[in-house]
Amino acid sequence: MKKSLLVFALILSLFLTACGKAPESRDSVSIWCLEDEAILPELNKAVEKYNKSIKGDYLPASIRTFPDLKSLSEGFNTLRPDILICTQAKADELSSLGLCRDIGSLFIGREIIFPDYIRSRCPQAGRSYFPIGGDVPLLCGRDETEFSDFEALCKAAEEYGEKEGVPFLTLSRVPELLYYEMLSAGKEFHAVRDIDVKSPLYKEVYNHIADAAFSGGVTFADSGSLELKKQPYAGVFGSELYGQDLSGFKISPMPAMKPDSPLYAHSSGLAVCVREGREIKSTAQFISWLFTEGRAAKLSLKSGLVPALPSDDYKPENDFEKLLLSLSCERELHLPEFESDFIKNLENFSTEFNAQTEFIMP
């Protein structure tokens with residue numbers, strides 16, 4: 001009984017139905033995602049094109065969005081989506097609960113093969129989870145200055161704040177940035193202050209940020225509220241640049257404590273959650289369509305993500321897309337595992353960090 005209650009609680013923490021938009025039809029491949037999902041705007045366009053191209057007896061696709069992860073999910077057991085847009089970590093969690101479905105056998109002869117480094121971290125890739133792309137930390141600025149590492153960037157921000165009295169750098173999603181910086185040096189970020197503070201590297205990275213903020217050289221922005229033109233530089237994630245005018249800006253990977261390290265990525269992909277007994281060929285057909293002729297790569301690049309599966313069939317249309325595509329070919333994306341301390345503690349750490357910023361800001 002306790003195990004059943006635990007599984008049910010985990011399900012409730014993932015899904016909600018109370019405020020979902022667009023009543024769901026069982027006559028379509030149902031796709032669920034959050035309203036703030038990075039790929040949602042471009043996914044809507046892709047689904048519209050797919051539905052116009054359908055031939056034969058395949059079902060069309062439909063998207064249902066939800067505002068947050070806080071509400072309950074009455075009816076999930078009977079109205080499970082065919083596809084859930086989520087991170088690789090969440091897909092792993094669903095798989096461990098028996099809520100993902102392996103449809104790899106339906107792709108025999110047209111397999112979707114992801115890079116080895118993705119399959120080593122996510123064995124379900126190409127079977128029950130199909131990564132689209134990774135949201136990675138970037139530096140967006142208005143000049144050609146190159147910073148050797150993260151310390152140099154923070155030092156420049158600290159000196160600028162002391163001299164000019166205004167911020168030099170805006171940072172968003174700092175807990176994820178901390179993970180990236182410690183990852184670059186081969187260290188684990190637990191997102192638990194009492195544990196992380198024992199690490200000299202954590203204290204070093206945290207103090208770089210705090211010193212720059214205390215001088216007025218660094219300010220913080222909520223994800224999605226970034227205004228690029230307010231400061232000379234912005235530490236962003238690629239999805240935050242979606243729809244913004246990037247003319248006159250230079251965009252590069254966020255400087256790391258150690259260069260040429262794997263890129264931390266918040267992944268977006270398709271977890272197959274089709275219930276047993278429900279027709280699966282239409283779900284497989286939609287996924288197959290999406291991963292042919294460069295459509296998945298286009299969806300990723302247009303959303304500001306590094307493609308999980310680069311393709312020669314889609315040519316990047318601007319410098320930002322060219323950068324993301326080059327990162328896909330030259331760097332490995334690091335996708336945190338769902339059992340990692342970072343994934344388990346990220347939400348609580350984010351709340352604590354936001355409260356701490358009130359004390360380190362001038």
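**Two helices crossing**

Helices here are DSSP runs of H or I with at least four residues, strands are runs of E with at least two, and both are numbered from the N terminus. The contact (heavy atoms within 4.5 Å) uses L43, A46, V47, K49, Y50 and S53 of α2, and S282, Q285, F286, W289 and L290 of α9. By class I noted seven nonpolar, three polar and one charged residues (Ala, Val, Leu, Ile, Met, Phe, Trp, Tyr, Cys and Pro count as nonpolar, Asp, Glu, Lys and Arg as charged, and the others, Gly among them, as polar).

**A note on the model**

This is a predicted model, where local features need pLDDT of at least 70 and side-chain atom pairs count only at pLDDT 80 or more, while totals for chains, interfaces and linings use all residues. Residues are numbered from 1 along each chain as its sequence is written, and side-chain values use heavy atoms, with hydrogens and water left out.

**Strand β4**

Next I checked β4, residues 129-135, and seven of its seven residues are buried (under 20% relative accessible area with a 1.4 Å probe, protein chains only; over 50% is exposed, in between partly exposed). Which strands pair with β4? I found β11, residues 266-272, antiparallel over six bridges, and β12, residues 306-307, antiparallel with two bridges. Pairing takes at least two DSSP bridges between strands. Y129 sits opposite A271 in β11, and G133 faces P307 in β12.
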